[in-house]
Amino acid sequence: MTALTAKPWVWSFAAAILVWVITVLFTGGSSSVGLSQATLTFAAFSVIVGIGQMFVITLGPGNIDLSVPATMTLSGTLALKVMDVQDSMIALGLLIAILVGVAIGIGNYALIKLLRIPPIIATLSMSFIVQSCAIWTNRGLRIKPPETLSDFTTSYSFGVPNVALVALVLSLAAWFLLEKTTYGRWISAIGQSSFAARMAGIPVDGTRFITYVLCAVLAAVAGYLLASFSGGAALNMGAEYLLMSIAVVVIGGTAVAGGNSNVPGIWGASLFMFLVVSMLNTYGFGAGVRLILTGLIIIAVILAAGGRRVAR
Amino acid sequence: MNDRVPKQEVVAARDVKVAFGAVKALDGATLVIQSGECVGLVGHNGAGKSTIVNVINGGLTPQEGAITYGGASADQGITAARASGVRCVFQELSLCPNLTIAENARVMLSDLKGAGWRRRGLALVTRQLAEIFPGHSIDCESVVEDLTIAERQMVEIAISFAAVDARPKLVILDEPTSSLDAGLAAQLMAYVRRFVETGGSVLLISHILGEILSTSDRIVVMKDGKVVADRPAVDFNTRRLVETMGSVVREQGWQRSARTKTGAPVLSVPPLPGASIRLEAFSGEIIGLAGLGGHGQTEALLDLYLAANGNWWPAAEPKMAFVAGDRGLNGTFSLWSILKNLSISSLKGLSNRSVIDTDREKKVSESWRKRIEIRTPDMHNPILSLSGGNQQKVLFARALATTAKIVLMDDPMRGVDVGTKQEVYEILRAEAASGRTFIWYSTEMDEIRLCDRVYVFRDGAIAAELVGDDITEAGVLAASFAGGEAA
């Protein structure tokens, strides 16, 4: 039991389950399946962008990627345009989305490294450029996703939403990368002390570069899936994922100071974040109260998690 | 020596027991310090020296035993200790790097307050530095992070001895000379004697036994959390001290590798502008970088390393490995276990296509634990659970576990006990015999004497090259000062 409570991700799951129970109780148990499926679907998008952000935050203080929303928008927009509602182009569309991610990742790190701009400014400026590109390509037309892709993202396998399965596969890959490979060790080492990492023979710049690219690619894949899921790309489709990607990392128990990351926690936090909103909806709160309560709940969770860490 | 004047008890820790989990750090140790004496405290890494210091300065409350300040059983804790005039210079330097020297003085000296404390603090530290280290070159208005590690140590020592309202009664010096060169260390020891003769007390912890023997009135030897000897310093000499600590003195059986330099150098660095000597290294050599502390030796090592190891692409075959001296700055990964800290530089050999083979990793780290005697029950314990000297051993093992042919060492033996040093020297010799090259910056003359060839640094460049029998303390000192003002 102590071994279990020592895991930082346990708390985000406990919070998610608690909110789920409260919500289901309110509706007398009738909503449990529907609520669970909706939660898994929407949490899946947060998980995918959250994992990318987690890798970047693990690199240590100051590392963050604020271009996530713009990346999602541009990759969704471009991919749908290329696919042009044809089922045969689905794979090509995914490739385009990934390439968009790679390009943005390279751009981010080029700004950080060549112009010596802090990541927070570099990725923010990058996101303006990317967002403008998205506006320019979008030009008011709303293209539908290919039907097969749209069906895939909105349907279920064995009762579990397909997008959640995709997120699960990506999470397992991320967990493997972090825990079992030299790359995982490297980013954790850099997050603890980049000078020590350099003197231990780690290619610090190469590793950071790959990490920023990885984050942008995951955001791009999330954009591709989200655009297909919601029947078309919209210019503001990524907006809520800026704070979401950071919040799920923090609530999930990843150290904001870097060096220590945590994949399961991303899931607990993503489920929790969506459930809080649905709970407040179920209870019939208005939009304003809902936002305030969401903020307060997030603060409470972070405080609870932080206090525990100090006590150890 | 102790019976001439009735001495007053400054602090006493009697029958103190402290345990961290299953580890007994102190097992019934007694340490009484009287006014006007310098007590030397020696023992191996992990003998309990730092723990008893923490008990005395109030940072640690013992599970059993009593602490009294000034003979009276009064309050305990850090505040009580400070109120009784106990000050401590820690082994791990504890100045705040982002503050100026005067601001650090304000942090450490609570009675430095009221209007104009900056000015008074500056004057205080300036005066004290000049008194302890006459002729030093520290700019007292600078921010601490601009100082070298030796200068930081000097500043911390000066602040600890400084008196605002009341003079400190007891100053605890934990490895005070670890970053200082011989000249500065001698100045400090002379000051300690003056301080003691005017009625103050000093508790001196050092692995440099010569200092302990020449400076202390009384020597306390600790082993496994107990005090095993407490006698006047005149009863000891180096051999007896080392034997009391529990290790056998080994004769200086070091043979310089007699082989002549053959083949092409494995390393050759053109001289800096304004200097004329190239830094060259041949296979199997142990090369010393000597000179006064902070004259560019560390920078030279960093330059060598950074030039050889790419920052973008993992090296197929690492050319060099680095052993840090300033562990907190560029050595340990503090969130990690001992195991991960040890294996980080050799992951390539421990993995298949970037996937780490954890069994092999465990086996290799276990073999290093035995070879270099890292004192821990489990390599999965956090690195910070180890004492400073043992952390240093982990960093050594990290470098030696790589396949690199050249190992750079940035004064890595700081705070390492005599027995461990001997063990590490043995390993160095064996590794050099099998063709590895070591480039070793050391502030200790005993270590410089072990080298095959020595480059003496002055003002950031190589001033002289000494070979074989020319490597003597006199030779190194002469080259360190030649041409310049003796600092």
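This is a predicted model: local features need pLDDT of at least 70, side-chain atom pairs count only at pLDDT 80 or more; totals for chains, interfaces and linings use all residues.
1. Contact between chains A and B. Chain A contributes 19 residues to this contact and chain B contributes 28 residues. On chain A, three helices each give at least two residues to the side that touches chain B: α9 (182-192), α10 (194-199) and α11 (204-229). Of these, α9(A) has the largest share, with five residues. By class, the side of chain A that touches chain B consists of eight nonpolar, eight polar and three charged residues.

2. Helix packing in chain A. One of the helices named above, α11(A), also packs against α7 (residues 147-154) of chain A, at an angle of about 95 degrees and with the axes 8 Å apart. An angle of 65 to 115 degrees counts as roughly perpendicular, and α7(A) and α11(A) are therefore roughly perpendicular to each other. From α7(A) the contact uses A:L149, A:S150, A:T153 and A:T154, and from α11(A) it uses A:L225, A:S228 and A:F229.

3. Domains of chain B. Chain B is split into domain 1 (9-245) and domain 2 (267-481). Their C-alpha centres are 29 Å apart. The contact between them draws 18 residues from domain 1 of chain B and 19 residues from domain 2 of chain B. On the domain 1 side, α5 (149-161) and α6 (182-197) of chain B each supply at least two residues. The largest share of that side, three residues, belongs to α5(B). The side of domain 1 of chain B that touches domain 2 of chain B has five nonpolar, nine polar and four charged residues.

4. The sheet β5-β6-β7-β3-β8-β9 of chain B. In this order, six strands form an open sheet with mixed pairing. The edges are β5 and β9 (226-232) of chain B, each of which pairs on one side only. From one strand to the next, the twist averages 15 degrees.

5. Strand β6(B) and its neighbours. Which strands does β6(B) pair with, and in what sense? On one flank, strand β5 (residues 86-89) of chain B is joined to β6(B) by four bridges, and the two run parallel. On the other, five bridges connect β6(B) with strand β7 (residues 201-205) of chain B, again in parallel. B:V86 has B:L170 of β6(B) as its bridge partner, and B:R87 is opposite B:V171 in β6(B). Towards β7(B), B:L173 is partnered by B:L204.

6. Burial of β6(B). Strand β6 (residues 170-174) of chain B is mostly covered, with five of its five residues buried. This holds for both faces: one carries B:L170, B:I172 and B:D174, the other B:V171 and B:L173, and all are buried. The buried set thus includes a charged side chain, B:D174.

7. Helix α1 (residues 49-56) of chain B lies across β3 (38-43), β5, β6, β7 and β8 (218-223) of chain B, and its direction is at about 155 degrees to β6(B). Helix α5(B), already named for its share of the domain contact, lies across β5 and β6 of chain B and runs at about 175 degrees to β5(B). Angles over 145 degrees count as roughly antiparallel.

8. The sheet β13-β16-β17-β12-β18-β19 of chain B. This is an open sheet of six strands in that order, with mixed pairing. Strands β13 (320-323) and β19 (461-467) of chain B are at the edges with a single partner strand each, so one side of each has no neighbour in the sheet. The twist here averages 20 degrees from one strand to the next.

9. Strand β12 (residues 286-290) of chain B pairs with strand β18 (residues 453-458) of chain B in the parallel sense, over four bridges. Within that pair, B:A290 is opposite B:V456 in β18(B). Helix α13 (residues 388-400) of chain B packs on the sheet and touches β13 and β16 (406-410) of chain B. The direction of α13(B) makes about 180 degrees with that of β13(B).

Definitions and conventions: Residues are numbered from 1 along each chain as its sequence is written. Chains are lettered from A and ligands numbered from 1 in the order in which they are written. Two residues are in contact if their C-beta atoms, placed from the backbone, lie within 7 Å. Domain bounds come from an automatic or database domain assignment. Axes are lines fitted to C-alpha atoms, for helices over the stretch in contact, and angles run from 0 to 180 degrees between N-to-C directions. Angles under 35 degrees count as roughly parallel, over 145 as roughly antiparallel, 65 to 115 as roughly perpendicular and the rest as oblique. A residue is buried if 20 or more other C-beta atoms lie within 10 Å of its own, exposed if 12 or fewer, and partly exposed in between; C-beta atoms are placed from the backbone. Two strands pair if DSSP finds at least two bridges between them.
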